[in-house]
Amino acid sequence: MSDFTPLRSVLYMPGSNERALEKARTIACDALILDLEDAVAPDAKASAREAAAAAVASGAYGRRTVTIRVNGIGTEWHAADLVAAASAGPDAVVVPKVETAEQVRGLATALEWAGAPEHTKLWAMVETPEAIFDVRELAAASPRLSALVIGTNDLVKELYAEHVPGRAPILPSLHTILLAGRAAGIAVIDGVYNDVKDTEGFLAECTQGRQMGFDGKTLIHPGQVEGANSAFAPSEQAVEDARGLIAAFEDGKGAGVVTYNGKMVENLHVESARRTLAIHEAIVALDG
Ligand SMILES: CC(C)(COP(=O)(O)OP(=O)(O)OC[C@H]1O[C@@H](n2cnc3c(N)ncnc32)[C@H](O)[C@@H]1OP(=O)(O)O)[C@@H](O)C(=O)NCCC(=O)NCCSC(=O)C[C@H](O)C(=O)O
Ligand SMILES: [Mg+2]
């Protein structure tokens, strides 16, 4: 049994949108982010906080990973959001615009003090230039931190860049965040695609994200879930090849190098194939 948690499709929904919270019970995403930050107007912050905490406590989202995104450090809502989220005990508390390792340690301590259960992890959003300069230390700052989530909208805004197909203006930042996440051994989740009607552009960005190495993608609309689930899952061919490659290596009876389908196979390829199978098994277990 794999201990890998699929995070192919991570759907944001405004904590203030009752219809979305209800609808999310039937959406086949791997994870939900109940948002208290950007998607919620200032006068709806308190009611959204209550609704998100109640939604987590309802246990209505089955085996999906359920998280709450609180308002950022330094905002007037941050402390109350953190306390409410800690007592609701979601799978993770997502904190936007985290910039330093010190902030990560402070957040972990605050969650502890607020009585967050051990299973409540911390996900830090990386979406500012300051964070990218500190991301290596930030990613390794606390055992409670289990994911980096990229905020491409804020990043593009902060860089005075533009959203373009292929994302050339932000690729150096995306790679830097991935390197930091992989070095720390935590998940890294790609940013959102804003045009909910542009399926072709969305799928191209999912493929790019998978090829770069992201665990999955954050989403803003239920119509994006299926595409992300499929793009970030190993294909049938990849699963078959992983099994074949492992079998070929084991048949080599201790040889350090063999071939499979004409290609060189060494132990490092076997490790990658085992990871592919672990992801596949975790997805099968989640999807049932
Ligand atoms: C983008 C939207 C405002 C579009 O809303 P709408 O026009 O209402 O969509 P539809 O009419 O197509 O909706 C169809 C049905 O699906 C439900 N729905 C829509 N979106 C969601 C959702 N996210 N989760 C659950 N359910 C959803 C509608 O209720 C309809 O249901 P039904 O009544 O049964 O037909 C909207 O999609 C939306 O609000 N999306 C989320 C926006 C959000 O959370 N934004 C904040 C996060 S993005 C971000 O900040 C990333 C980061 O910080 C960065 O910097 O990049
Ligand atoms: Mg943002």
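**Close-up views of a predicted model**

View 1. Ligand 1 is surrounded by 23 residues, and the closest of them are Tyr12, Met13, Ala39, Gly151 and Asn153. Two or more residues of this shell come from each of strand 1 (9–14), helix 1 (18–23) and helix 7. Strand 1, with four residues, is the element that gives the most to the shell around ligand 1. Sorted by class, the shell around ligand 1 consists of 12 nonpolar, five polar and six charged residues.

**View 2. The two residues listed under "binding site" in UniProt, Glu127 and Asp154.** The UniProt entry that lists Glu127 and Asp154 under this heading is unreviewed. The two positions are spread over 28 residues of sequence, yet they cluster in space, with a largest C-alpha distance of 5.5 Å. Glu127 is found in the loop between strand 5 (121–126) and helix 5 (129–133), whereas Asp154 belongs to helix 7, which covers residues 152–159.

**View 3. The neighbourhoods of Glu127 and Asp154, residue by residue.** Is Glu127 buried or exposed? Glu127 counts as buried because 25 other C-beta atoms lie within 10 Å, and the cut-off for a buried residue is 20 or more. When neighbours within four places in sequence are left aside, Glu127 is in contact with Pro96, Lys97, Ile150, Gly151, Asp154 and Leu155. Asp154, by contrast, is partly exposed, with 18 other C-beta atoms within 10 Å. Not counting residues up to four places away in sequence, Asp154 touches Lys97, Glu127 and Thr128.

**View 4. Helix 8 (residues 171–184) and its buried and exposed residues.** Helix 8 has 14 residues and reaches 20 Å from its first C-alpha to its last, which is close to the 20 Å expected at 1.5 Å a residue. Its buried residues are Ser173, Leu174, Ile177, Leu178, Ala180 and Gly181. Why do the buried residues of helix 8 line one face of the helix? Seen down the axis of helix 8, these residues fall within an arc of 165 degrees, so they line one face. In general, an α-helix has 3.6 residues a turn, so residues three or four places apart point the same way. On the face of helix 8 turned away from the buried side are the exposed residues Leu171, Pro172, His175 and Ala183. Just after helix 8 comes Gly185, which takes a positive phi of about 75 degrees.

Methods: Residues numbered from 1 in each chain as written. Chains lettered and ligands numbered in written order. Predicted model: local features only at pLDDT ≥ 70, side-chain atom pairs only at ≥ 80, totals over all residues. UniProt positions renumbered as here; feature names shortened; annotations may be inferred. Buried ≥ 20, exposed ≤ 12 C-beta atoms within 10 Å, placed from the backbone. Contact = placed C-beta atoms within 7 Å. Expected span 1.5 Å × (residues − 1). Arc of directions from axis to C-beta. Near = placed C-beta within 6 Å. Nonpolar A, V, L, I, M, F, W, Y, C, P; charged D, E, K, R; others polar.
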